[in-house]
Structure formats: structure tokens, C-alpha cells
Amino acid sequence: MITLNPNKNNLIRLFIIVAGSVFLGMIGATSLQLNVRTEEKVTTITLEPGSFEISETDEPIKMEEVEGTKFDLGTLNARGEFFRTDTYAHFIDDTWGHCVSEGNYWGSQCVSLAQAFWTNYAGYGLSDCGTGSARGIWYCKDDNARDEFVIISKGEALQPGDWVVFDSGTWGHIGMVYEYPEDSYIPLYGENQGGKKCEEGGSQPNFILLSDKTMLGAFRPKDYVIPEPEPESPDTGVLKITLIKERRYGSHGINIR
């Protein structure tokens, strides 16, 4: 047993020990929060289990649209590298800082990163409806969603982990939402949208805020769907009393109701 004299210094030491223990316990039990500064506001990113960090040079910038690049669906791997997809943050954690090409002839394009997610999460690759473009993914949305994704139409609320398809530029664009949008700009994680250049073409994943004006729709992994809370019974202010009829028998065996 440790005995502390009730003086000021010992009480301060005890407070530091207790506070430190509580703080370490909170780190292990809570999700990670990052403050990302932009020119106009501070965005708080709340992550599921995962540990990626955003440096000063990787702060998201606002963009009106992204000019995608043609991709060769035939060169994409049916199953390339393994990346975790149990949470969207794990996928970001595993792909951040890498050139994910999935064998794409044109290198690390937006569809290459999406292909990596689809093959690891759903077990099948993407279809572009023969267009060779990212926008073609939406044209074949039913085939790309199957039983693994929920199709989200433009105008519906987005959530982290959604894959959004855009009709921008010549080839369109696709990327993953990493934070709840607060306005008409979607927080988007994706390749070939201004990140560090890759030798084989395209660029590494980065974070941007992309305008939703050319959004076609989105795919939501069914494992990421957040259940709707059960509605509470309205409080009418009326006391409800349930009466239970009880059978009793008199002294002469007469049934009294």
C-alpha cells in the first residue's frame, strides 16, 4: 500500500497519475479525430479504427471538377493487392501514400483505387459499360452494385465510405467520401485528383473538396449502412392503464367476474 502525505506536492502528483491514466484509456477507446485546416473553415474528421494522418501539404482544396483519364478495363487485375475494407478508414490507412494501379495500363487512376476497393470488399471487379471511362461505372450501376452496395441517387445524404461517380471532364471521376459533407462540396478521397505523381501514370490518393454539381450518384457498401434509430413512442400526456380481468370464486363456488 502506498501512503501519501496530504501535502500539496503529493496531491499534484496523484492528480497527474490519475489524469494520465484516464487520458490513455480514452485514446484506446475512442475513434481518432483530426482537424484539417482549409482556407475557409476547419473540418473535423472522425475516423473509424485506422491511423492515417494528413500533413500540412495534404490539406484538402476545393475543386469544381476533376478531369479523369481513360482506363483500360481489360488490364485491371481481377484481384490485386490486399487492402482492408472492413472500415473506410482502414482502406484509407492501407492505400494512403501508395500508387494503386491494379495493373491499369494508364497507372494510378481514380478507377484503379475504386477497383481495389471493389475486388477486396465485394470480390468482383467494376464494369464501365464499354465506355473506358469512370462515368461508365454509373451507367452499369446495377451490375456494379449487385447485392453488395446500396445505390444512392443524387440529392440523397452521403456518408463516409460512399463511392461517388461524377460526370466531369472527358472521362468522369470516382472517389470515396471520407467525411459528411457540410455544403455542396464533397470531401473526397481518391487517386488522380492532384496528389503526388506516380511513375506509371496518374497520382497517389489525396483529399479534396469536390463540387457536387456533376455528381451522378453513389455506391454505399452495405456493411457501412448505419441502421435507422427506432422511433420513440410519442408522449401524449395521457396515462394509459391496462386492466386485467381477474376471476374470483365466492364461498359457494360462484364465478364472480
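The model is a predicted one. Its largest nonpolar core holds 33 residues, and the salt bridges number 5. Strand S7 has 6 of its 6 residues buried, and helix H2 has 7 of its 8 residues buried.

**Nonpolar cores**

- Within the largest core, of 33 residues, the most contacts belong to Phe117, Trp118, Phe149, Trp163, Ile174 and Phe219.
- At least two residues of this core come from each of the helices H2 (88-95), H3 (110-121) and H4 (136-139), and likewise from each of the strands S5 (163-166), S6 (173-177), S7 (185-190) and S8 (206-211).
- Helix H3 is the element that gives the most to this core, with 8 residues.
- Beyond its neighbours within four places in sequence, Phe219 touches a set of residues that includes Trp118, Phe149 and Trp163, which are also listed among the core residues with the most contacts.
- The contacts of Phe219 also include Ile137, Trp138, Ala145, Val150 and Val165, together with Lys141, Asn144, Gly161 and Asp162.

**Salt bridges**

- Arg84 pairs with Asp94, with 2.8 Å between the closest N and O atoms.
- Because Arg84 sits in the loop between strand S3 (62-63) and H2 while Asp94 belongs to helix H2, this pair ties together parts that are 10 residues apart in sequence.
- Arg84 has a relative accessible area of 29% and is partly exposed, whereas Asp94 is one of the buried residues of H2.
- Asp167 and Arg135 form a salt bridge at 2.3 Å, N to O.
- Asp167 lies in the loop between S5 and S6 and Arg135 in the loop between H3 and H4, so that distant parts of the chain, 32 residues apart, are linked.
- Of these two partners, Asp167 is partly exposed at 34% relative accessibility, while Arg135 is buried at 11%.
- Asp162 and Arg220 form a salt bridge at 2.8 Å, N to O.
- The Asp162 and Arg220 pair spans 58 residues, from the loop between strand S4 (149-153) and S5 to strand S9 (residues 215-221).
- Both Asp162 and Arg220 are buried, and Asp162 is also in contact with Phe219.

- Strands S6 and S7 are antiparallel and pair over 2 bridges; Met176 has Tyr189 of S7 as its bridge partner.
- Strands S7 and S8 are also antiparallel, joined by 6 bridges; Pro187 has Leu209 of S8 as its bridge partner.

**Helix H2**

- With 7 of its 8 residues buried, H2 is largely enclosed by the rest of the structure.
- Its buried residues are Tyr88, Ala89, His90, Phe91, Ile92, Asp94 and Thr95.
- Gly97 follows H2 and has a positive phi, near 85°.

Methods: Residues are numbered from 1 along each chain as its sequence is written. This is a predicted model: local features need pLDDT of at least 70, side-chain atom pairs count only at pLDDT 80 or more; totals for chains, interfaces and linings use all residues. Side-chain values use heavy atoms; hydrogens and water are left out. A nonpolar core is a set of buried Ala, Val, Leu, Ile, Met, Phe, Trp, Tyr and Cys residues joined through side-chain atoms within 4.5 Å. Buried means under 20% relative accessible area, exposed over 50%, partly exposed in between (1.4 Å probe, protein chains only). Helices (H or I, at least four residues) and strands (E, at least two) are DSSP runs, numbered from the N terminus. Contact means heavy atoms within 4.5 Å. A salt bridge is a side-chain nitrogen of Lys or Arg within 4 Å of a carboxyl oxygen of Asp or Glu. Two strands pair if DSSP finds at least two bridges between them.
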